[in-house]
Structures are given as C-alpha cells and as structure tokens.
Amino acid sequence: DFLENVYLSPNMKNYTLPTNNRNASSGYKTLSFGSKVNLSNDEGKILRFFTHWKNGVDRVDIDLSLELYDDNFCYVNTVGWHNMTGGKKFDTYHSADIVTAPDGASEFVDLNYMQARKFARYAVVCNAVYTGQDFKDINECFSGGMVRKNLGKDGEVFEARAVKTKFDLTQSGSNLN
C-alpha cells in the first residue's frame, strides 16, 4: 500500500532518514549518519562528547576530536589529541590520547558551550581508527554526548543520567564525522 498522508513530528527535522538498516545504530537513540542532535539544556553548561571502545584480538587505537564551525559552517578550530590546547579560548578539556584498550577505554572532550558559542555554533564529533580496522570490525565501540556541570576529570567518565545521545559505531571505514 502507498502512504498518502504522513505526519512527521517537527522534532524529526534534524534527523536523516536511513535508506537501509546497514547504518542503523542500536544505541540509546537510533541515529543515521549525518543526523544533528541538540544537546543544549539547563542541566549543565558542559557538553561531554565521548567515544568508548574495547580491543578485540588486535590492538585498537581510536582518536576522538571535536571540530568547531561558525554560523556559516566555516571551520573555527579542532580539539583533539594533536591540539589539546587549541580549544583553550572555548574552555575545553581533552581526556588525552589512549592508544590501546584491552579492558575498554574512553576518550572524551568537554566543551563549555556558553563560552564556545561566542566563537562557534556547530560541534562535529570525529572518530578515527589509527590501527587500520573498520569500525564495523570492532566488537565494542560507541560514541555520544552528555551534559555535565563541571569541566575535566571531576566525577565519572560516564554519568548515565547525563547521556543525551549514544550511538554504536558500526559503519564501514576508519574515519567518521
């Protein structure tokens, strides 16, 4: 049967619709590649973007970085292991580079979004596998965002109540933005 009248909630305007299930995530909220997520709210001023993974048979090195863009989608800066102080004026904190995770590991970038908003509007989470595997071949690998009150190593890496979105990294390829 053909669908004649379909109602889409205005909340769906920032989500891309998957054309198949290959890029579907079994995460907290299913996202397809290219979706936009609004993380701002009154629960805290710090956005924590995180990536978690666990080695399989081979060593896995995943690097998380955050790219910032202005209102016109012009590049502003990158905060990552290679530029940990690059986000100083944005009030950021990078957990540092972890190069192997036999028992599981997490990298994160904290961003004071009220401070960052003076310079940038969009934050793009970037994940890259530097040991050559495809994300689809890593048994345990996910990324997401949460809202926190404090910048840096205060508290736990993950605070379940603070997670706003979490998605599995299961795509082909070793670089995801």
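Me: Hi! Before we start, what kind of model is this?
Reply: It is a predicted model, where local features need pLDDT of at least 70, side-chain atom pairs count only at pLDDT 80 or more, and totals for chains, interfaces and linings use all residues. Residues are numbered from 1 along each chain as its sequence is written, and side-chain values use heavy atoms, with hydrogens and water left out.

Me: Thanks. How many helices and strands does the protein have?
Reply: The protein has one helix and nine strands. Helices (H or I, at least four residues) and strands (E, at least two) are DSSP runs, numbered from the N terminus. Starting at that end, the order is β-β-β-β-β-α-β-β-β-β.

Me: Which strands make up the open sheet?
Reply: Five strands do, in the order β4-β5-β1-β7-β8, and the pairing is antiparallel. Two strands pair if DSSP finds at least two bridges between them.

Me: And which ones stand at the edges?
Reply: Those are β4 (92–94) and β8 (163–168); each has a single partner strand, so one side of each is left without a neighbour in the sheet.

Me: What does β5 pair with?
Reply: Strand β5 (residues 105–112) pairs with β1 (residues 46–54) over eight bridges, in the antiparallel sense. With β4 it pairs in the antiparallel sense over three bridges. V109 in β5 is a handy landmark: it is the bridge partner of F49, and H94 stands opposite V109 as well.

Me: Is β5 buried or exposed?
Reply: Eight of the eight residues of β5 are buried, so the strand is largely enclosed by the rest of the structure. Buried means under 20% relative accessible area, exposed means over 50%, and partly exposed is in between (1.4 Å probe, protein chains only).

Me: Which way do the β5 residues point?
Reply: A105, E107, V109 and L111 point one way, while S106, F108, D110 and N112 point the other way. In a regular strand the side chains alternate between the two faces of the sheet.

Me: What share of the whole protein is buried?
Reply: Of its 177 residues, 41% count as buried.

Me: New topic: how many aromatic pairs are there?
Reply: The structure holds six. Rings of Phe, Tyr and Trp (its six-membered ring) pair if their centres lie within 6.5 Å; planes under 30 degrees apart count as stacked, over 60 as edge-to-face and the rest as tilted. One of the pairs is F73 with Y122: the centres are 4.5 Å apart and the planes at 15 degrees, so this pair is stacked. F73 is in the loop between β2 (62–69) and β3 (75–79), and Y122 is in strand β6 (residues 122–129), 49 residues apart.

Me: How accessible are those two?
Reply: F73 counts as exposed at 57% relative accessibility, and Y122 counts as partly exposed at 23%.

Me: What about F90 and F119?
Reply: They form an edge-to-face pair, 5.4 Å centre to centre with 85 degrees between the planes. F90 lies in the loop between β3 and β4 and F119 in the loop between α1 (113–116) and β6, so the pair ties together parts that are 29 residues apart in sequence. F90 counts as buried at 0% relative accessibility, whereas F119 counts as partly exposed at 33%.

Me: Last one: what lies over the face of F108?
Reply: R48 does, at 3.6 Å from the ring centre. A charge sits over a ring if NZ of Lys or CZ of Arg is within 6 Å of the ring centre and within 35 degrees of the ring normal. K166 lies over the face of F142, at 4.7 Å from the ring centre.
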